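Colleague: I'm new to this one and would like to go through its salt bridges with you. Could you bring it up?

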Amino acid sequence: MNYLVLAFTLLFTQSIFAQRVVVDHNQAIEAYELLNKIRTNPEKYKKELKLFNLQKIKRTKLNWNKQLAEVAVYRAKDMAKRSYFDHVSPEGYGPNYFIDEAGYQLNPAWLSKRNTNNFESIAANRASATAGIKALIIGKEAPGYHHRTHLLGMDQWNASLYDIGIGYVECKGAKPYESYLVVIIAKHDW
């Protein structure tokens with residue numbers, strides 16, 4: 001009987017929390033537009049975002065992709081609903097798996113391990129999606145500037161990526177995070 005009460009309480013709590021997860025598509029679009037501005041004119045953001053090696057930044061705009069945006073929203077909502085923050089789901093699936101499942105076909109070699117991530121940057125507890133983009137580029141929480149390299153296309157691999165989808169969700173009052181940002185930048189390549 002106690003197990004039944006506990007199970008009911010957990011289900012009830014999860015359903016209440018799930019209702020507080022709000023997808024903000026406008027925030028995602030604002031983040032997309034900001035990222036393209038930074039990529040095409042990094043000199044303007046050099047001081048604010050502590051940019052260096054400007055010559056390495058890929059100065060082309062990324063293309064909004066509906067499938068990648070749907071995956072990014074799904075990933076952000078999943079992390080919010082289940083209170084985790086990781087590139088890999090609790091079941092062991094990484095972004096490449098979810099991208100391919102959504103119909104954005106990837107090179108089969110990029111799917112050899114179910115937990116692979118070649119395309120995703122994530123942030124949490126940011127007041128807005130644009131604040132999340134800026135934090136990822138500044139890179140205080142990610143040694144080695146891996147997110148900056150990904151978002152700004154600063155190496156050969158990331159410079160070859162051209163499609164983007166962004167998901168941003170808010171879950172006010174949730175613990176440990178009240179917002180999740182997922183940025184997926186990918187390509188079809190055979």
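Colleague: What do the side chains of Asp78 and Arg82 meet in?
Modeller: They meet in a salt bridge at 2.9 Å, N to O, the term standing for a side-chain nitrogen of Lys or Arg within 4 Å of a carboxyl oxygen of Asp or Glu. This is a predicted model, in which local features need pLDDT of at least 70 and side-chain atom pairs count only at pLDDT 80 or more, while totals for chains, interfaces and linings use all residues. Residues are numbered from 1 along each chain as its sequence is written, and side-chain values use heavy atoms, with hydrogens and water left out.

Colleague: How many residues apart are Asp78 and Arg82 in helix H4?
Modeller: They are four residues apart in helix H4 (residues 66-82), so about one helical turn separates them; helices here are DSSP runs of H or I with at least four residues, strands are E runs of at least two, and both are numbered from the N terminus.

Colleague: And is Asp78 buried or exposed?
Modeller: Asp78 counts as buried at 11% relative accessibility, whereas Arg82 is partly exposed at 35%, where buried means under 20% relative accessible area, exposed over 50% and partly exposed in between, with a 1.4 Å probe and protein chains only.

Colleague: Changing topic, which residue does Glu48 pair with?
Modeller: Glu48 forms a salt bridge with Lys134 at 2.8 Å, N to O. Glu48 lies in the loop between helix H3 (42-45) and strand S2 (63-64) and Lys134 in helix H6 (residues 129-138), so the pair ties together parts 86 residues apart in sequence.

Colleague: How many salt bridges does the count come to?
Modeller: The count comes to six salt bridges.
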